[in-house]
Amino acid sequence: MTGGEPPAELRTAAEAVFGDRLGRTQVYARLLRGDAVRRGLMGPREAESVWPRHILNCAVVEELLPREARTLDVGSGAGLPGIPLALARSDLPVLLVEPLERRVTFLLEVVEALQLDEQVRVIRGRAESAEIREAIGEFDVVTARAVAPLERLVPWALPLARPGGTLLALKGARAETELRASRKVLISTGGVAHGVLTCGVGIVDPPTRVVVIERATRPAR
Ligand SMILES: C[S@@+](CC[C@H](N)C(=O)[O-])C[C@H]1O[C@@H](n2cnc3c(N)ncnc32)[C@H](O)[C@@H]1O
């Protein structure tokens, strides 16, 4: 008994999503419920629902990631969605960017505990800083969950995607509203909105809603 097992009703879904990495995912669930709560990275109430609201809710976004996509998770916090994506898809090289030291410390511990050091890297910094951009380069896919409203997120997250690459913003119920509000910003940053897609139908309830924005292959005017 690790304390990290999925609830019985999600066991089959968790096995399907994580396969032979289910054991490591249970270790992550235990770290979220234990260390992350103790260190104030996750609220005690959230701890009760780590599997449906955090781990599976994030992992199902893997449906949108091409094979071996170089993936950047901006504002990863306690590792969401980057860690569940890496666990669900061993083909994805993942970089987690997070400015707060204590969160970075937790992320480094998670990577070590889950033996993901060949797949997942962690860097401390703010996504909009020139140093970070220079250090990390561009990615096929940039993910973000609960980091900033789309209007603020797009100007600094989209340029981290390569031309033709994609920003996936996990947004829940506000997805369409935020997308409408970000129209001007999309034009000025060269973003092409592909709308709101739904991931994890039949796996998580409600399914995860993701705003999909492609970085144009030509620079913005
Ligand atoms: C509400 S938390 C969400 C964490 C995680 N993505 C999740 O869904 O649980 C927002 C995170 O974004 C980080 N953040 C805020 N502004 C950022 C920026 N400019 N660049 C990178 N990360 C940022 C914060 O430090 C924090 O960890």
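Modeller: Definition before numbers: on a 1 Å grid over the protein atoms alone, a pocket is an open set of points with protein on both sides within 12 Å along at least five of seven lines, and a lining residue has an atom within 4 Å of a point. A volume is the space filled by probe spheres set on the points, which are joined across faces, edges and corners. This is a predicted model, where local features need pLDDT of at least 70 and side-chain atom pairs count only at pLDDT 80 or more, while totals for chains, interfaces and linings use all residues. Residues are numbered from 1 along each chain as its sequence is written, and side-chain values use heavy atoms, with hydrogens and water left out.

Colleague: How much space lies in the largest pocket?

Modeller: About 470 Å³. It is lined by 24 residues, and Gly75, Arg103, Arg145, Ala146 and Val147 are the closest to its centre.

Colleague: Which elements each supply at least two residues of that lining?

Modeller: α4, β2 (94-98) and α8 (150-157). Helices (H or I, at least four residues) and strands (E, at least two) are DSSP runs, numbered from the N terminus.

Colleague: And how does the lining of the largest pocket divide by class?

Modeller: 12 nonpolar, five polar and seven charged. Here Ala, Val, Leu, Ile, Met, Phe, Trp, Tyr, Cys and Pro count as nonpolar, Asp, Glu, Lys and Arg as charged, and the others, Gly among them, as polar.

Colleague: What volume has the second largest pocket?

Modeller: About 370 Å³. Of its 19 lining residues, Arg53, Asn57, Gly172, Pro206 and Thr208 are the closest to the centre. Two or more lining residues come from each of α4 and β7 (208-215), and α4 gives the most, with three.

Colleague: How many aromatic pairs?

Modeller: One. Phe18 and Trp51 are edge-to-face, 6.0 Å centre to centre with 80° between the planes. Rings of Phe, Tyr and Trp (its six-membered ring) pair if their centres lie within 6.5 Å, and planes over 60 degrees apart count as edge-to-face.

Colleague: Buried or exposed?

Modeller: Both Phe18 and Trp51 are buried (under 20% relative accessible area, 1.4 Å probe, protein chains only). Phe18 is in α1 (residues 11-18) and Trp51 in α4 (residues 50-59), so the pair ties together parts 33 residues apart in sequence.

Note on methods: Phe/Tyr/Trp six-rings, centres within 6.5 Å; stacked < 30°, edge-to-face > 60°. Buried < 20%, exposed > 50% of the residue type's maximum accessible area, 1.4 Å probe, protein only. 1 Å grid on protein atoms, 1.4 Å probe; cavity = no way out; pocket = protein on both sides within 12 Å on 5 of 7 lines; lining within 4 Å.
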